[in-house]
Amino acid sequence: MTPSSSRLWLKSPLAVFTGNDLDAAGGLVITGGEIAEVLAANEQPSAPCDEVFDAGRHVVLPGLINSHHHFYQTLTRAWTPVVNAPLFGWLQNLYPVWARLTPRDLELATRVALAELLLSGCTTAADHHYLFPAGLEQAIDIQVQVVRELGMRATLTRGSMSLGQEDGGLPPQSTVQRPDDILADSERLIGEYHERGAGAVIQIGLAPCSPFSVTRELMAASAELAAREDVRLHTHLAETIDEEDFCADMFGLRTVDYLESVGWLTDRSWLGHGIHFNDEEIARLGAAGTAVAHCPSSNMRLASGIARVVELEAAGVPVGLGVDGSASNDASNMMIEVRQAMYLQRLKYGSQAVTVERALGWATRGSARALGRDDLGQLAPGKQADVAMFTLDELRFSGSHDPLAALLLCGADHADRVMVAGRWRVIDGQLPGLDLAGLIADHSQAARRLISG
Ligand SMILES: [Zn+2]
């Protein structure tokens, strides 16, 4: 742990990706939880440092930022009945299982997801939690505690479902809530937990689940509340053609027209998936500054389609990266996700348009923009000291030449060291203070109980 007043020099890394034009070959000086100096090769810190960490074995990245997840789904990974199902069938099978979620289940699932993310080099995670069955009214409060326990940052979104099967929606009636209850709880959570400004640890966003599970009225009311409270808006949009057909039948609108009609076509919003947009819709999203969380593994797993990421960026849409929920990935590993994103997008746009640096940019600066965080996502003076460090001493890297490219091309999947706000949270590939074997045992037991009912 680095006391806030001490100065730490992460000296001369093997390779470094800053996410900007700065030369950081000489390393980083960290103090007070922030990056104080970025040093070029052979440059010395401007003042003596209390501690020097020789990073000569490490490839250094800004802490990875996950912009879309559903932590609770770690309890339903690789569940046989939905292994080969598309989105709507997958959801209809899983809703009744998820409706049994208890506070203890969510606590374990959140701890597993965050531990897995952190070990993969992720320092900030967004979660979209939209299940509040009787007894789980404190879902977000539970998540806040686990985030704090692991020493990460999170944007926890207060999700919601209000359009049940009886009213033409997809989820069972037992899983939906009254709009007044949703909005009152959203206000409570913002008041209790939302931190503003640089260095925030917990932020709260509002996140009606999807066009097929919430009413138009709740979408519009959520946008009004988010504007009044100055918090971000998140939802799933344009994930599948089934969703596009649903919007046409239910609202008589395409997805982006629907989004605009409820007041969401703004730079306050970021959208999970964002796959099925036409040229005109991409231009409108870019003009509005609405962001997209690209989720390549989930999109391939459910065969939902390939997001038009390069065209979205060209239009001005901030693009971040998300692992999506662990029932459709089924890993919570940000490094694997960067590799998947690079390869999926290369199939669409070619290898020269989708470089290693571009893919890493989605997982760092892009995700930071999606979450509205200009204090995260790059290595530069004044930014938060959130850093992920990888070594290349495993078999899979043997014989590799370009250290940064090797991370993605050889398939790095766990960090050796991770720092959040200047404090080490992963050391030698381990999470100090967390009994991982005990967690796996408890979580596995909860998963079995959840499925068996
Ligand atoms: Zn999702």
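**Before starting**

The model is predicted, so local features are given at pLDDT of at least 70 and side-chain atom pairs at pLDDT 80 or more, whereas totals for chains, interfaces and linings use all residues. Residues are numbered from 1 along each chain as its sequence is written, and side-chain values use heavy atoms, with hydrogens and water left out.

**Stop 1: the zinc ion**

Select the zinc ion together with His68, His70, His236 and Asp324. These residues are its protein donors, through NE2 of each histidine and OD of the aspartate, at 2.1 to 2.4 Å. Donors are N, O and S atoms within 2.8 Å of the metal (3.2 Å for Na, K and Ca); water is not among the atoms, so sites may look incomplete. Along the chain, the donors follow the spacing H-x1-H-x165-H-x87-D.

Which parts of the chain do His236 and Asp324 tie together? His236 belongs to strand β11 (residues 233-237) and Asp324 to the loop between β14 (319-321) and α11 (334-349), so the pair links parts that are 88 residues apart in sequence. Helices (H or I, at least four residues) and strands (E, at least two) are DSSP runs, numbered from the N terminus.

The angles among the four donor atoms run from 88 to 172°, and the site is irregular. Four donors count as tetrahedral if all angles lie between 85 and 135 degrees; four count as square planar and six as octahedral if opposite donors are over 155 degrees apart and all others between 65 and 115; anything else is irregular.

Are His236 and Asp324 buried or exposed? His236 is buried at a relative accessible area of 8%, and Asp324 is buried at 4%. Buried means under 20% relative accessible area, exposed over 50%, and partly exposed in between (1.4 Å probe, protein chains only).

**Stop 2: strands β8, β9 and β10**

Next, select residues 122-129, 153-160 and 202-208. Strand β8 (residues 122-129) pairs with β9 in the parallel sense over six bridges, and seven bridges join β9 (residues 153-160) to β10, also in parallel. Two strands pair if DSSP finds at least two bridges between them. To see individual partners, display His129 with Arg158 of β9, then Leu156 with Ile204 of β10.

Eight of the eight residues of β9 are buried, so the strand is largely enclosed by the rest of the structure. One side of β9 carries Arg153, Thr155, Thr157 and Gly159, and the other Ala154, Leu156, Arg158 and Ser160. In β10 (residues 202-208), seven of the seven residues are buried; Ile202, Ile204, Leu206 and Pro208 point one way, and Gln203, Gly205 and Ala207 the other.

**Stop 3: the open sheet**

A five-stranded open sheet has the order β2-β6-β15-β16-β17, with mixed pairing. Its edge strands, each pairing on one side only, are β2 (15-16) and β17 (423-426). Within this sheet, β15 (residues 387-391) and β16 (residues 417-420) run antiparallel and are joined by three bridges. Ala388 has Val418 of β16 as its bridge partner.

**Stop 4: the nonpolar cores**

The largest nonpolar core has 124 residues, and those touching the most other members include Trp90, Trp98 and Leu156. Helix α2 (residues 103-119) contributes the most, with ten residues. A separate core of 16 residues includes Leu8, Ile35, Val387 and Met389. A nonpolar core is a set of buried Ala, Val, Leu, Ile, Met, Phe, Trp, Tyr and Cys residues joined through side-chain atoms within 4.5 Å.

**Stop 5: helix α1**

Select residues 87-98. The twelve residues of α1 reach 15 Å from first C-alpha to last, close to the 16 Å expected at 1.5 Å a residue; the expected span is 1.5 Å times one less than the number of residues. Among the buried residues of α1 are Trp90, Leu94 and Trp98. The buried residues of α1 pack against α6 (241-251), α9 (296-301) and α14 (436-452). Beyond its neighbours within four places in sequence, Trp98 is in contact (heavy atoms within 4.5 Å) with residues including Tyr72, Trp90 and Ala327.

**Stop 6: backbone details**

- The peptide bond from Asn329 to Asp330 is cis, with omega near 5°; Asp330 is in the loop between β14 and α11.
- Asn42 has a positive phi, near 65°, in the loop between β4 (34-39) and β5 (51-54), and is exposed at 76%.
- Ala421 has a positive phi of about 50°, lies between β16 and β17, and is partly exposed at 27%.
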